[in-house]
Amino acid sequence: RFNPFMFKGTVFSTGGYSAEYGQALSSVLQLETNGMQAEDQLDIGILSVGADVAGTKTWERSAITASANYMNLKPYMALVPQNIDWEKEPQIYGGQLNFRQDTGKSGLLKLYGNFSQSKFALNQPMPGQAETSPFDLANQNMFLNASWKNILNEKWAIHSGLAVSHNDDQIATEGLEIGDRLQGLHAKTTLSHSVAEKTSLRFGGEYFLQDYQQTISGDGFALQRNFDDQIVAGFAEADIFASEKFVTRIGSRVEY
């Protein structure tokens with residue numbers, strides 16, 4: 001879904017991760033996107049299975065990046081023998097838009113949007129049977145993200161964000177038409193405070209919303225089911241540096 005070159009930092013932590021991150025089973029993958037671009041740039045990529053192009057335009061205090069990509073596995077699968085009986089080889093196309101704006105003396109606003117559409121069709125084996133079953137899938141995915149961070153003064157900083165996602169799967173198999181739709185929203189604000197030279201405090205809150213809907217229709221019947229899931233959370237934690245080689249992180253998180 002995301003181009004790895006749009007991130008300037010990747011942190012993977014497992015086990016004792018921060019109280020800031022909830023709804024994680026055993027690990028957290030923290031990604032930080034690039035800051036302000038320094039110059040105009042044009043990137044063109046030619047792949048064996050597709051192509052992508054991206055361009056960046058910069059101004060004194062803002063920058064915008066737009067990109068588009070297309071991928072089709074049919075040429076590759078024509079050369080390399082496949083164990084799958086493809087009716088339509090996987091293909092995907094999409095686009096991204098990324099805008100960054102300096103705010104005030106130390107603030108940075110980032111807006112990001114991503115859209116992709118993909119589809120494929122195949123004949124999959126039936127367990128214990130000689131015949132195959134057709135399976136066709138078309139997917140649409142959209143993701144929007146806005147974040148803002150600012151240093152308020154020597155001791156206080158704020159980081160706030162809002163993300164919206166939409167994923168839609170349309171499946172056709174064995175005379176059934178299946179539609180799966182998942183929509184999500186995530187809002188979060190974090191405040192950081194430097195209490196002393198070797199002690200810092202971070203606290204904030206966030207809200208999750210997921211809305212899921214499934215429709216199944218066939219010969220003479222139709223079924224629809226849905227659920228929504230809402231989570232409200234608050235967290236606080238402190239980093240205490242006992243020395244240059246030892247730091248203690250104490251945190252607490254509550255969710256409803």
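How much space lies in the second largest pocket?

1. In this predicted model, the second largest pocket holds about 830 Å³ of space. Its lining comprises 33 residues, of which Asn3, Met6, Ala54, Ser67 and Gln96 are the closest to the pocket centre.

2. Two or more lining residues are given to this pocket by each of strand 3 (41–47), strand 4 (50–58), strand 5 (62–72), strand 6 (85–103) and strand 7 (107–125). Strand 5 supplies the largest share, with 7 residues. Sorted by class, the lining of the second largest pocket consists of 15 nonpolar, 14 polar and 4 charged residues.

3. Asn167 belongs to strand 9, which spans residues 156–173. Asn167 has a relative accessible area of 16% and is therefore classed as buried, the cut-off being under 20%. Its side chain forms a polar contact of 3.1 Å with the side chain of Asn139. When neighbours within four places in sequence are set aside, the residues in contact with Asn167 are Arg1, Asn139, Gln140, Asn141, Asp180, Arg181 and Leu182.

4. The protein contains 1 helix and 13 strands, arranged along the sequence as β-β-β-β-β-α-β-β-β-β-β-β-β-β. Of contacts between residues at least 6 apart in sequence, 50% join residues at least 24 apart.

5. The radius of gyration is 23 Å, whereas a compact globule of 256 residues would have a value near 18 Å. Along the principal axes, the C-alpha atoms fill a box of roughly 70 × 45 × 35 Å. Buried residues account for 27% of the 256 in the protein.

Note on methods. Residues are numbered from 1 along each chain as its sequence is written. This is a predicted model: local features need pLDDT of at least 70, side-chain atom pairs count only at pLDDT 80 or more; totals for chains, interfaces and linings use all residues. Side-chain values use heavy atoms; hydrogens and water are left out. On a 1 Å grid over the protein atoms alone, a cavity is a set of points where a 1.4 Å probe fits but cannot get out, and a pocket is an open set with protein on both sides within 12 Å along at least five of seven lines; lining residues have an atom within 4 Å of a point. Grid points are joined across faces, edges and corners, and a volume is the space filled by probe spheres set on the points. Helices (H or I, at least four residues) and strands (E, at least two) are DSSP runs, numbered from the N terminus. Ala, Val, Leu, Ile, Met, Phe, Trp, Tyr, Cys and Pro count as nonpolar, Asp, Glu, Lys and Arg as charged, and the others, Gly among them, as polar. Buried means under 20% relative accessible area, exposed over 50%, partly exposed in between (1.4 Å probe, protein chains only). A polar contact is a pair of N or O atoms within 3.5 Å; within protein, one must be able to donate a hydrogen and the other to accept it, and residues adjacent in sequence count only if both atoms are side-chain atoms. Contact means heavy atoms within 4.5 Å. The radius of gyration is taken over C-alpha atoms; the globule rule is 2.2 Å times the number of residues to the power 0.38.
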